[in-house]
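Please open the model in your viewer and keep the sequence panel beside it. The tour below goes from one selection to the next and says what is to be found at each stop.

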Amino acid sequence: MRRLPILIVTWLCLAAPVVAQHQDAIFRDYEDMREVLDRMMMNREIENVMRAFGASDEMTDEQLRTLEMRVRDIFPYDFRHVDVLKVDDMGNGWNRELYAYWAGTAYIYATVLYHQREGELISISFQFNTDIDELIASF
């Protein structure tokens, strides 16, 4: 597999208040969050996943479209598999998870920091990258 030395994107949502700024980053529960994340990542819907997980605030529509086109150029086929690689349960409903998506020998990785509250799950931070070392180092 060819190694891509370029960092695709690392965007953190570092804003407060979270609910007021990231209405699009609210999910019913973990299963809802994972269904959205996995479907969009596996279909390479980068613009949509960035918006859904509150990671698009600092990007223009054009930057989001360009990012998706770049990912689609690097990965010409949808991903077929997903695994959870690492879970950091911080307590009190706070969790961070690292996911791997792949097809053949092509891999992309994503991480979500989320807060499970009564009746809803909030995506606080979302990142993705082709280099696992970039994401795993932050755990």
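Throughout this tour, contact means heavy atoms within 4.5 Å. What you have open is a predicted model, in which local features need pLDDT of at least 70 and side-chain atom pairs count only at pLDDT 80 or more, while totals for chains, interfaces and linings use all residues. Residues are numbered from 1 along each chain as its sequence is written, and side-chain values use heavy atoms, with hydrogens and water left out.

Select Leu37 first: leaving aside neighbours within four places in sequence, Leu37 is in contact with Val49, Phe53, Tyr99, Tyr101, Val112 and Phe126. A nonpolar core is a set of buried Ala, Val, Leu, Ile, Met, Phe, Trp, Tyr and Cys residues joined through side-chain atoms within 4.5 Å, where buried means under 20% relative accessible area, exposed over 50%, and partly exposed in between (1.4 Å probe, protein chains only). The largest such core has 29 residues, of which Leu37, Met41, Met50, Phe53, Phe126 and Phe128 touch the most other members. Colour next the elements that give two or more residues to this core, namely helix 2, helix 3 (46-52), helix 4 (61-74), strand 3, strand 4 and strand 5; helices (H or I, at least four residues) and strands (E, at least two) are DSSP runs, numbered from the N terminus. Helix 2 gives the most to this core, with 6 residues.

Now show the strands, which make an open sheet of 5 in the order 1-5-4-3-2, with antiparallel pairing; two strands pair if DSSP finds at least two bridges between them. Strand 1 (26-27) and strand 2 (81-91) stand at the edges with a single partner strand each, so one side of each is left without a neighbour in the sheet. Helix 2 (residues 30-42) packs on this sheet, touching strand 1, strand 2, strand 3, strand 4 and strand 5, and its direction makes about 30 degrees with that of strand 3 (axes are lines fitted to C-alpha atoms, for helices over the stretch in contact, and angles run from 0 to 180 degrees between N-to-C directions).

Follow strand 3 into strand 4 (residues 106-117), to which 10 bridges join it in the antiparallel sense; Tyr101 has Ile108 as its bridge partner in strand 4. In the turn of this hairpin, which has 2 residues between the strands, Gly104 has a positive phi of about 60 degrees. Strand 4 in turn pairs with strand 5 (residues 120-129) over 9 bridges, and there Val112 is partnered by Phe126.

**Aromatic rings**

Select the Phe, Tyr and Trp rings (for Trp the six-membered ring), which pair if their centres lie within 6.5 Å, with planes under 30 degrees apart counted as stacked, over 60 as edge-to-face and the rest as tilted. Among the 7 aromatic pairs, Phe27 and Phe53 form a tilted one, 4.9 Å centre to centre with 35 degrees between the planes.
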